[in-house]
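Student: I would like to go through the aromatic contacts and the surface of this model. Where do we begin?

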Amino acid sequence: MDVLFWAVMFVIFVCAELATVQLVSIWLGLGALISMMIAFFTDFTFLAQLTVFILISAVSLLISVPMLRKRMHAPVVHTNSELEIGKNATVIEEINSDNGTGRVTLNGVDWNAVADDSSQIIPNGSIVTVKAVRGATLTVAAKDKSAAVR
């Protein structure tokens, strides 16, 4: 009966981990797995199994937290893409959020582009101003508002 309990707990903790992918229950899953093996191979009482579960979970947590902290505080690599904000670019593919299209060229580099007003359609050949940079996508606004279509 104890083996079944620990097997169910292991499955619950692993499913919770898979659902969150945030390392919230992986240590508890390891503790449940070890407790399940102890219940299967020994005649320890449930209290002893529970103690092993708590100890294994706590120790694995204490060992892994310092390693995780190093990964969480990885240095940020600055790309200087924020320097592109405020510059003018030329639309080389119509910017239309409904169709999922939009490309501009800025300083000889092609970028994906979206309009800052998602209801706007900015035609090919228009001049736009860069408002924000998110990854490889520029958020732009039409320089000549009459050229943009709603």
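Tutor: We begin with a definition: rings of Phe, Tyr and Trp (its six-membered ring) pair if their centres lie within 6.5 Å. The model is a predicted one. By this rule there are 6 aromatic pairs.

Student: How is the pair of Trp6 and Phe46 classed, by the angle of the planes?

Tutor: A pair of aromatic rings is described by the distance of the centres and the angle of the planes. Planes under 30 degrees apart count as stacked. The rings of Trp6 and Phe46 have centres 5.7 Å apart and planes at 20°, so this pair is stacked.

Student: How many residues apart are Trp6 and Phe46?

Tutor: Trp6 sits in helix H1, residues 2-20, and Phe46 in helix H3, residues 46-72.

Student: Is Phe46 buried, partly exposed or exposed?

Tutor: Buried means under 20% relative accessible area, and exposed means over 50%. Trp6, at 2%, is buried. Phe46 has a relative accessible area of 34%, so Phe46 is partly exposed.

Student: How is the pair of Trp6 and Phe53 classed?

Tutor: Planes under 30 degrees apart count as stacked, over 60 as edge-to-face and the rest as tilted. The centres of the Trp6 and Phe53 rings are 5.2 Å apart, and because their planes are at 35°, the pair is tilted.

Student: How many residues apart in sequence are the parts that Trp6 and Phe53 tie together?

Tutor: Both Trp6 and Phe53 are buried. Trp6 lies in helix H1 and Phe53 in helix H3, so the parts tied together are apart in sequence by 47 residues.

Student: Which residues form one aromatic cluster?

Tutor: The cluster is formed by Phe5, Trp6, Phe13, Phe46 and Phe53.

Student: Which element gives the most to the nonpolar patch?

Tutor: Phe5, Phe46, Leu47, Leu50 and Ile54 make a nonpolar surface patch of about 450 Å². One of these residues, Leu47, has 60% relative accessibility and so counts as exposed. Leu47 lies in helix H3. With 4 residues, the element that gives the most to the patch is H3.

Student: Does Thr139 count as buried or exposed?

Tutor: Thr139 has its place in strand S6, residues 137-142. Leaving out residues up to four places away in sequence, Thr139 touches Val114, Ala115, Asp116, Thr129, Val130, Lys131 and Ala132. Its relative accessibility is 19%, so Thr139 counts as buried.

How values were computed: Residues are numbered from 1 along each chain as its sequence is written. This is a predicted model: local features need pLDDT of at least 70, side-chain atom pairs count only at pLDDT 80 or more; totals for chains, interfaces and linings use all residues. Side-chain values use heavy atoms; hydrogens and water are left out. Helices (H or I, at least four residues) and strands (E, at least two) are DSSP runs, numbered from the N terminus. Buried means under 20% relative accessible area, exposed over 50%, partly exposed in between (1.4 Å probe, protein chains only). Contact means heavy atoms within 4.5 Å. Patches are made of residues with over 30% relative accessible area and no salt bridge: like charges are joined within 9 Å, nonpolar side chains (Val, Leu, Ile, Met, Phe, Trp, Tyr) within 5 Å. Accessible areas come from the Shrake-Rupley method with a 1.4 Å probe; for residues, only the protein chains shown count as cover. A salt bridge is a side-chain nitrogen of Lys or Arg within 4 Å of a carboxyl oxygen of Asp or Glu.
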